[in-house]
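This briefing covers selected local features of one protein chain. The sequence and structure come first, followed by notes grouped by topic.

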Amino acid sequence: MPDAGELELSRRDLLIGGAASAAVTAVPTAEAQTMALAPEDQPSMMRVAFEVNGRGQTLEVDTRTTLLDALREHLHLTGSKKGCDHGQCGACTVIVNGRRINSCLSLAVMHQGDAITTIEGLGTPDKLHPMQAAFVKHDGYQCGYCTPGQICSAVAVLDEIKAGVPSHVTQDLEGRPAATNLEVRERMSGNICRCGAYSNIAEAIAEVAVGRKKA
């Protein structure tokens, strides 16, 4: 049976051997980190020009930059919010060429020549867009974080209905959908309000829809 000295030596050798193995294993990782910092691996940049709220904008952005980050970080239009950053909450909704999109899921460089409207472009405190005014009147917000996306989406929803674009609840696909409560709620279902102001939001949209009919 080996004595205590031999056992101690064996344990020491084991520790030394383990440390040496870890050092060898770490070499590829260190090399990979060094390679990641090499100039040829730096992010590529691209120039993109589009119109935002009626004004031409030209940006030099990392090709991985989302439209949301371009608007918020480069143009300082912080009305559009970054909520889930996965296209599930709708807080980042903006209108591009008349259609609403989740700007967190779209790359800025994909929008060369597009016309983009954010909440800042719909109206001003002195001259509110009818949808903004209706949200105020009907208390269509509480914390307000989702409100810019809700309003942009609501404006686009009424345009979709006017253009005859059907939804999942439209019964007559050959007819023109109406701005019913069911239609509005279905079309707005991608915009989450964690405060639960859905009924107020629906009332605001309904008022604007009626106003459009009378106009």
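**Surroundings of Ala-70**

Beyond its neighbours within four places in sequence, Ala-70 is in contact with Leu-59, Thr-65, Leu-75 and Ala-108. The model is predicted.

- Ala-70 lies in helix 2, which spans residues 67-74.
- Ala-70 has a relative accessibility of 0%, below the 20% cut-off, and therefore counts as buried.
- Between Ala-70 and Cys-104 there are 9.9 Å in space, C-alpha to C-alpha, and the two are 34 residues apart in sequence.

**Helix 4**

- Helix 4 covers residues 130-137, and its residues Met-131, Gln-132, Ala-134 and Phe-135 are buried.
- Viewed down the axis of helix 4, these buried residues fall within an arc of 160 degrees, so they line one face of the helix.
- As background, an α-helix has 3.6 residues a turn, so residues three or four places apart point the same way.
- The cover over the buried residues of helix 4 includes helix 3 (119-122), helix 5 (147-162) and helix 7 (198-214).

**Helix 5 against helix 7**

- The axes of helix 5 and helix 7 come within 11 Å and cross at roughly 40 degrees.
- The crossing of helix 5 past helix 7 is right-handed.
- From helix 5, Gln-150, Ala-154, Val-155, Leu-158 and Asp-159 meet Ile-201, Ile-205, Val-208, Ala-209 and Arg-212 of helix 7.
- By class, this contact has seven nonpolar, one polar and two charged residues.

Notes. Residues numbered from 1 in each chain as written. Predicted model: local features only at pLDDT ≥ 70, side-chain atom pairs only at ≥ 80, totals over all residues. Heavy atoms only, no water. Buried < 20%, exposed > 50% of the residue type's maximum accessible area, 1.4 Å probe, protein only. Helix = DSSP H or I, 4+ residues; strand = E, 2+ residues; numbered from the N terminus. Arc of directions from axis to C-beta. Contact = heavy atoms within 4.5 Å. Axes fitted to C-alpha atoms, helices over the stretch in contact; angles between N-to-C directions. Left-handed = near helix turned anticlockwise from the far one by under 90°. Nonpolar A, V, L, I, M, F, W, Y, C, P; charged D, E, K, R; others polar.
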